[in-house]
Amino acid sequence: MGEMDQMKKEAEGLKSQIEAARKAAADTTLADAASGVAPAPRVQLKTRKTLKGHLAKIYAMHWATDCRLMVSASQDGKLIIWDAFSGNKINAVPLKSSWVMTCAYAPSGNLVASGGLDNMCTVYNLKTPVVKTVKELDAHTGYLSCARFLSDTEILTASGDTTCALWDIETGKQKTVFLNHVGDCMCLALSPDMNMFISGACDSLAKLWDIRDGTCKQTFQGHTSDINAISFFPSGNAVVTGSDDCTCKMYDLRSDQEVISYQDAQLNSGVTSLALSVSGRLIFAGYDDFNCNIWDSLKGEKVGVLSGHDNRVSCTGVPQDGMCVCTGSWDSFLKIWN
Amino acid sequence: MSSKLQSSNNIAQARRTVQQLKLEANIERIKVSKASADLMNYCGEHAKYDPLLMGIPASENPFKDKKPCTIL
């Protein structure tokens, strides 16, 4: 038998082994285990603010750690920093490339980043008298779909070139490249302890990575199309994904498998974005059908909906203190709900 | 690319795939019942600190527009 055939056989054997080990651990489903839990209350949130200012589709938003400021990115070629309490614009950062797909706020509040079809991640300093470009991180060979700061000196990126990367912002170089996906990487999320991150890609897989040693630790399957959104459950033991297959799923890291799927026969729009409430009980998922559906994470039931946008909900975010949820849309508006 | 180079690339790729699968096969897995219990416990313990679940009184809602007061 040639080496290639041998490798193929070995790979198939290992896949069966993993399948069997997962099955052996699957003594119940999360929904069954949670059947005795009281249902989450019907969640009816009101729009408290509508943030108007962008002139084109909004593609991304990210809360600052102060839970008051947030950054949004639009294909009008601007990043806007908002004071969500007042609805006022604090800053408007013009972008070199208007084809932006992601934005991020550094935990310190000093920096923001953006990127998109320019294949670069640009980092800006908000604290200089005029907002200045700190670095253009240029090494990806595909679009930048997501970026998240670890600190003022390190940032993680996900790219359409199928890789994720950890960058040293000061040198502008990639410290680590995370290689394993076979489709465009669309999203990433940092673990609460900042030692790991999870990525979702067009290969319909979610992968868990060790930030420091650069290795892929676990791969989660189940989705049948691109994974566009991903987030950690607040305990750090599970991840939630949203996909073009119109479902969201929760995967438990320690049992290494899908434990529940959030879907509805009437829902046939892809999931674009998602965010969890601070207890992890509620999942806010933005869809192509202009709505944001609210799911009970334990029981898998829909408990509410945020309707009000006139186009696709492209981004969703809950600040660290859990006091509201923000939705951003192709209708050019952001809404704050609670 | 010569077909010899291509096939040695394919073998290298196949080796990496097997290597990665070995890594992923060898992890410890806990039962879903235990994983579920921990998820449920986390939600239960943190529910009271979840404003979107519990509701926010108007006076404590920083996003709610303050209505102007009229002096009668």
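The contact between the chains takes 66 residues from chain A and 39 residues from chain B, contact meaning heavy atoms within 4.5 Å. This is a predicted model: local features need pLDDT of at least 70, side-chain atom pairs count only at pLDDT 80 or more, and totals for chains, interfaces and linings use all residues. Residues are numbered from 1 along each chain as its sequence is written, and side-chain values use heavy atoms, with hydrogens and water left out.

Chain A and chain B bury about 4,300 Å² between them, 69% of it on carbon and sulfur atoms. Buried area is the accessible area (1.4 Å probe) that two parts lose on being put together, summed over both. A:Arg254, A:Ser279 and A:Met323 supply 14% of the area that chain A buries against chain B, more than any other three residues.

The rule finds 5 salt bridges across this interface, each a side-chain nitrogen of Lys or Arg within 4 Å of a carboxyl oxygen of Asp or Glu. B:Arg15 forms a salt bridge with A:Glu3, the closest N and O atoms being 3.0 Å apart.

Next, the helix pair.

| Helix | Residues in the contact include |
|---|---|
| H1(A), residues 3–25 | A:Met7, A:Ala11, A:Leu14, A:Ile18 |
| H1(B), residues 3–25 | B:Ile11, B:Ala14, B:Val18, B:Leu21 |

The axes of H1(A) and H1(B) come within 9 Å and cross at roughly 20°. That makes H1(A) roughly parallel to H1(B), a term for angles under 35 degrees. The residues of this helix contact divide into 10 nonpolar, 2 polar and 6 charged.

Terms used: Chains lettered and ligands numbered in written order. Axes fitted to C-alpha atoms, helices over the stretch in contact; angles between N-to-C directions. Helix = DSSP H or I, 4+ residues; strand = E, 2+ residues; numbered from the N terminus. Parallel < 35°, antiparallel > 145°, perpendicular 65-115°, else oblique. Nonpolar A, V, L, I, M, F, W, Y, C, P; charged D, E, K, R; others polar.
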